[in-house]
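Hi,

Here is the structure I promised to pass on.

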Amino acid sequence: MAAENPVESLQEEATCPICLKYFTEPVILECGHNFCRACISQCWEGSDTAASCPQCRETVQQGNLRPNRQLANVVEIAKRLSLQAAKGAGGDGVCGEHQEALKLFCEEDETPICVVCDRSRAHRAHTVVPIQEAAQEYKERIQAHLKTLREEREKLLGLKATREGKREKYLKQTQTERQKIVSEFQQLRQFLEEQERLLLAQLEKLDEEIVKIQNENVSKLAEQISHLSELISELEGKCQKPASEFLQDIRSTLSRCEKGKFHQPGEISPELEERVSGFSQKMIVLLETLGKFKETLPSALVTKRGGSLGTLRQENVTLDPDTAHPQLVLSEDGKSVRCGNIRQRLPNNPERFDYLPCVLGCEGFTSGRHCWEVEVGVGSGGGWAVGVARESVGRKGGISLSPEGGIWAVWRWGWGQFQALTSPVTPPPLSRAPSRIRVCLDCDRGQVTFIDAGDETPIFTFPPGSVPGGRIRPWLRVGGGSQLRLCP
């Protein structure tokens, strides 16, 4: 039955019944049927001079093939009409091979095809759906991704605003503390002027760390927002395109959507927040003390440089030989220790370390605030650790070098990383290992602080309450080739 659409009827008349494509060099047989010259020649290949028509089976002479120029002209007209019809029907494009409208979508090959492609061997066994139906399905999937991406962009924008607000808060807080410090220290003489410079230097370092961390976070957020905005703009533009162009590389587009999740940059570290808060609390106590004891303040300052107000005592610590591991060699004055090459024959008394090369200080503290300094820059290639330990710390066999094991310290192993011995996980490496460390023990607050005695910069602080009550003693661990010395 003739097709209702005249263009489709013309296309059928211009199609070779053998290859199902538009005629190429059409020829007419004696029976009146037309074929492509190449198609009929291939069909008759190996036959004698007489052969049968592939369509009506009537016997014809092979030598009587005549070119059908009128049909060739009709084929060209049909191609042009097909192209115009396709453009007027919705702009889904035309098959480059058959010059037919791309009305179908092959799900296996993920590509638009025409009705002739659908009947070809290449797509005959494939699942084929109307192109508009396929486009609608993929558009719905893209729209779902767009919704998620827009929500994530809003989260990032909110997070960026929060981070910027926190940065201003911290900077305002440090600026307030700076003003308090300058106001109070203007009333002091030479000694307190030095304290002012030291505190301002510490505060400036906090400013730099806060600005650096927050600027890095804001920069990372801005980059991710820009990336998401570009991806969203690209997808919105793609959804406006015709289905055939929209579906090009659709799998790659979906993959990029799925990879468009954002990664939240790290916040300001708890350690830095604690340092800012701790500094503020320190200033409150300092200012109250200055107001009450301004006349007697010089006699209350015990340490030479960087000392705290109040009852902080500079201790004259010596090492306890009864606790020293047999491989450790102590000086006669008990001020220095090194790791020897042989294990000495010493009494295996209960208080002696027998597995790790450790030694305790003779002094023990249960209350008050105390400090002492340890020189670690002499022959320190074998590694070392400096800190405090409970009186009841384990001495025999392997012990846990952590607060749970009764030890609060910083350490460097060989020429490797310089870290704090926290638990359960060791924190990232500290900036650098100094040549001299000041250990500050506050028994009343249960806190231990380590300071670079060379430039007065803080190294690490175990927060208040981390050191429980009981007798606390200086503690050293000495690796092979290392030597530590307690400063007088």
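The count of aromatic pairs comes to 5, where rings of Phe, Tyr and Trp (its six-membered ring) pair if their centres lie within 6.5 Å, and planes under 30 degrees apart count as stacked, over 60 as edge-to-face and the rest as tilted. Take tryptophan 384 and phenylalanine 418: their ring centres are 5.8 Å apart and their planes sit at 55°, so this pair is tilted. Tryptophan 384 belongs to strand 14 (residues 384-390) and phenylalanine 418 to strand 16 (residues 418-420), so the pair ties together parts that are 34 residues apart in sequence. Helices (H or I, at least four residues) and strands (E, at least two) are DSSP runs, numbered from the N terminus. Tryptophan 384 and phenylalanine 418 are buried, and by the cut-offs used here buried means under 20% relative accessible area, exposed over 50%, and partly exposed in between (1.4 Å probe, protein chains only).

Then there is phenylalanine 450 with phenylalanine 462: ring centres 6.3 Å apart, planes at 70°, so the pair is edge-to-face. Phenylalanine 450 is in strand 18 (residues 447-452) and phenylalanine 462 in strand 19 (residues 458-462), so the pair ties together parts that are 12 residues apart in sequence. Both phenylalanine 450 and phenylalanine 462 are buried. Phe450 and Phe462 form one aromatic cluster with Phe460.

Before the rest, a word on the model: it is predicted, so local features need pLDDT of at least 70 and side-chain atom pairs count only at pLDDT 80 or more, while totals for chains, interfaces and linings use all residues. Residues are numbered from 1 along each chain as its sequence is written, and side-chain values use heavy atoms, with hydrogens and water left out.

One ring also has a charge over it: arginine 395 lies over the face of phenylalanine 353, at 5.6 Å from the ring centre. The rule for that is NZ of Lys or CZ of Arg within 6 Å of the ring centre and within 35 degrees of the ring normal.

On to the charged pairs. Side chains of opposite charge can pair when their charged atoms come close. The structure holds 16 salt bridges, each being a side-chain nitrogen of Lys or Arg within 4 Å of a carboxyl oxygen of Asp or Glu.

- Glutamate 25 and arginine 37 meet at 3.8 Å, N to O. This pair links distant parts of the chain, with glutamate 25 in the loop between helix 1 (6-13) and strand 1 (26-28) and arginine 37 in helix 2 (residues 37-43), 12 residues apart. Glutamate 25 is exposed at 55% relative accessible area, and arginine 37 is partly exposed at 30%.
- Arginine 251 bridges to glutamate 110, with the closest N and O atoms 3.2 Å apart. Arginine 251 is in helix 8 (residues 250-258) and glutamate 110 in the loop between strand 6 (104-106) and strand 7 (111-113), so the pair ties together parts that are 141 residues apart in sequence. Arginine 251 is exposed at 57%, while glutamate 110 is partly exposed at 24%.
- Lysine 160 bridges to glutamate 164, again with the closest N and O atoms 3.2 Å apart. These two are 4 residues apart in helix 5, separated by about one helical turn. Lysine 160 is partly exposed at 22%, and glutamate 164 is partly exposed at 26%.

Salt bridges that share partners also join Asp320, Glu391, Arg471 and Arg473 into one network.

Arginine 167 is in helix 5 (residues 131-185) too. With a relative accessible area of 18%, arginine 167 is buried. Its side chain makes a polar contact of 2.9 Å with that of asparagine 215 (a pair of N or O atoms within 3.5 Å; within protein, one must be able to donate a hydrogen and the other to accept it, and residues adjacent in sequence count only if both atoms are side-chain atoms).

Last, the inside. The largest nonpolar core has 33 residues, and Trp372, Ile437, Val448 and Leu484 have the most contacts inside it. Such a core is a set of buried Ala, Val, Leu, Ile, Met, Phe, Trp, Tyr and Cys residues joined through side-chain atoms within 4.5 Å. A second, separate core of 21 residues includes Tyr138, Leu156, Phe246 and Leu254. Phenylalanine 246 is in helix 7 (residues 243-246) and is buried, at 1% relative accessible area.

Cheers
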